[in-house]
Amino acid sequence: RVDGVLLPPPLCDDAGLTAKLWELGVPIVQIATGEPLPYAHSVTIDDKAAARDMTSHLIALGHRRIGFVEGNTNQTATALRRAGYEDALATAGIAVERALILQGDFSYRSGLVAAEDLLALEPRPTAIFASNDDMAAAVVATAHRRGLDVPADISICGYDDTAMATTIWPELTTIRQPVAEMARAATEILVEHVRTKPDEETEIRHRQLDYALIRRASDCPPRSASSNVSAARGGRRD
């Protein structure tokens with residue numbers, strides 16, 4: 001019998017699994033869940049705030065028509081990332097357009113399907129924010145296949161900062177989720193729990209780590225906005 005279990009996505013959001021482990025008295029730590037359970041330890045980031053920051057970043061560049069590719073509905077972080085996207089639009093006074101929100105499932109293939117629909121829209125979005133790097137990479141590939149320049153014709157951003165973010169061209173602007181640090185913290189919490197004496201009460205711990213917006217080469221102001229910036233600088237492009 002194991003002393004405890006670490007549950008990364010999507011297992012951290014499997015209600016049947018977590019309930020069974022709790023019933024068996026097995027301590028668990030959820031990693032990167034969007035909804036920490038009251039009886040389980042967890043290590044997370046603020047997914048809603050992170051998605052809001054990325055969307056706000058695109059808005060600050062001058063984008064107003066921003067597509068969004070959602071993740072798998074069986075993961076609780078998915079809803080938080082969409083909420084952050086919609087919050088940023090609302091704060092900027094930009095209406096949420098249902099046509100600009102496409103369902104994915106965190107896989108590369110689902111990103112290809114969503115990208116085809118988004119890039120076929122008229123007018124086309126000037127930026128697309130995908131809920132993970134795999135789907136963002138698929139959007140980049142689809143844009144290239146359509147003859148679009150990334151980011152001059154369309155900015156594309158991801159989420160997680162996985163190896164994929166720096167192995168495609170252009171490298172992705174993305175949200176860095178500190179996966180190694182989260183796994184380390186989760187392991188430390190679990191070890192501490194396991195070492196607790198039977199007669200000692202164990203405090204359930206929910207740790208939230210910092211994320212970071214990593215700016216690379218896949219985003220820039222839309223053409224109209226960059227033209228205005230260039231004119232204001234006397235024609236210079238930085």
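Q: What is a nonpolar core, and which residues in the largest one touch the most other members?
A: In soluble globular proteins, nonpolar side chains tend to be buried together. A nonpolar core is a set of buried Ala, Val, Leu, Ile, Met, Phe, Trp, Tyr and Cys residues joined through side-chain atoms within 4.5 Å; buried means under 20% relative accessible area, exposed over 50%, and partly exposed in between (1.4 Å probe, protein chains only). The largest core has 53 residues, of which Val43, Phe129, Ile154 and Ile156 touch the most other members. A second, separate core has 6 residues, including Leu7, Cys12, Val26 and Ile28.

Q: How far can I trust the numbers and labels?
A: This is a predicted model, in which local features need pLDDT of at least 70 and side-chain atom pairs count only at pLDDT 80 or more, while totals for chains, interfaces and linings use all residues. Residues are numbered from 1 along each chain as its sequence is written, and side-chain values use heavy atoms, with hydrogens and water left out.

Q: What is Phe129 in contact with beyond its neighbours within four places in sequence?
A: Contact means heavy atoms within 4.5 Å. Phe129 is in contact with residues that include Ala51, Met54, Leu58, Phe68, Val69 and Tyr159.

Q: How many helices and strands does the chain have?
A: Helices (H or I, at least four residues) and strands (E, at least two) are DSSP runs, numbered from the N terminus. The chain has 7 helices and 10 strands.

Q: What is the strand order in the open sheet that contains β5 and β7?
A: Two strands pair if DSSP finds at least two bridges between them. The order is β5-β4-β6-β7, with parallel pairing. β5 (101–103) and β7 (155–157) each have a single partner strand, so one side of each is left without a neighbour in the sheet. Between β4 (66–70) and β5 there are 3 bridges, and Glu70 stands opposite Gln103. As for angles, axes are lines fitted to C-alpha atoms, for helices over the stretch in contact, and angles run from 0 to 180 degrees between N-to-C directions. Helix α5 (133–145) lies across β4, β6 and β7, at about 160 degrees to β7.

Q: Which strands make up the open sheet that includes β9?
A: This sheet has 4 parallel strands in the order β1-β2-β3-β9. Its edge strands, β1 and β9 (206–208), each pair on one side only. Strand β3 (41–44) is joined to β9 by 3 bridges, with Thr44 opposite Gln208. Helix α1 (15–23) packs on the sheet, touching β1 and β2, and α6 touches β1, β2, β3 and β9. Both faces of β2 (28–31) are covered: Ile28 and Gln30 are buried on one side, Val29 and Ile31 on the other.

Q: At what angle do α2 and α3 pack?
A: Helices α2 (47–61) and α3 (76–91) pack at about 35 degrees, with their axes 7 Å apart. A crossing is left-handed if the near helix is turned anticlockwise from the far one by less than a right angle, and right-handed if clockwise; that of α2 and α3 is right-handed.

Q: Is Gln177 buried or exposed?
A: Gln177 is buried, with a relative accessible area of 9%. It is found in the loop between β8 (174–176) and α6 (179–194). A polar contact is a pair of N or O atoms within 3.5 Å; within protein, one must be able to donate a hydrogen and the other to accept it, and residues adjacent in sequence count only if both atoms are side-chain atoms. One of 2.9 Å joins the side chains of Gln177 and Asp160.
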